[in-house]
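Dear colleague,

Please find the structure below, handed over for your reference. My findings follow it.

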Amino acid sequence: MDFLLTNKDITYEIRTEIKRLGRPIPDLIISKTDVGKSRNYSRNFNSSVYDRFKWLCGCPKRNKLFCFICLVMGGNQSAWIQEGCVEKGRHKARA
């Protein structure tokens, strides 16, 4: 994953092989604490998000979610390529 994030000049053959190997779906350590009116809420990453959003992939080195299709195929430099996502619920946004 980090290879795709740091190398922009990847050949078509390499991109095809990466696509064939499939998206990385590591168990990430992402958590967030929200303050409610009566108590605090702790939310943790759940790997089932990969089943619901087939375009998501994870980078254990950066501990973030990315759009696998965007990374492999290139295209615009959206936040899904440059920054990744760590906020729960943000992955529901369009890539």
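This is a predicted model: local features need pLDDT of at least 70, side-chain atom pairs count only at pLDDT 80 or more; totals for chains, interfaces and linings use all residues.

The chain has five helices and four strands, where helices (H or I, at least four residues) and strands (E, at least two) are DSSP runs numbered from the N terminus.

Residues are numbered from 1 along each chain as its sequence is written, and side-chain values use heavy atoms, with hydrogens and water left out.

The average pLDDT (the predictor's confidence in each residue, from 0 to 100) is 80 for the chain, and 78% of the residues score at least 70. Helix α3 (residues 49-52) has the highest confidence, with a mean of 93, and helix α5 (residues 79-82) the lowest, with a mean of 59.

Of the 95 residues in the chain, 33% are buried (under 20% relative accessible area, with exposed over 50% and partly exposed in between; 1.4 Å probe, protein chains only). Among contacts (heavy atoms within 4.5 Å) with a separation of 6 or more, 48% are between residues 24 or more positions apart.

Strand β1 (residues 31-35) lies largely in the open, because the number of buried residues among its five is zero. It pairs with strand β2 (residues 40-44) in the antiparallel sense over five bridges; two strands pair if DSSP finds at least two bridges between them. A hairpin of four residues joins β1 to β2, and V35 stands opposite N40 in β2.

R15, in helix α2 (residues 12-21), is buried but has no salt bridge (a side-chain nitrogen of Lys or Arg within 4 Å of a carboxyl oxygen of Asp or Glu). The nearest side chain of opposite charge is that of D9, 6.8 Å away. Leaving aside residues up to four places away in sequence, R15 touches K8, I10, L71, V72, M73 and G74.

Two aromatic pairs are present (rings of Phe, Tyr and Trp, the last by its six-membered ring, with centres within 6.5 Å; planes under 30 degrees apart count as stacked, over 60 as edge-to-face and the rest as tilted). F45 and Y50 form an edge-to-face pair, 5.8 Å centre to centre with 70 degrees between the planes. F45 counts as buried at 16% relative accessibility, and Y50 is buried at 2%. F53 and W55 also form an edge-to-face pair, 6.2 Å centre to centre with 75 degrees between the planes. Both F53 and W55 are buried.

Yours sincerely

How values were computed
Lys and Arg count as positive and Asp and Glu as negative; His and the chain ends are not counted.
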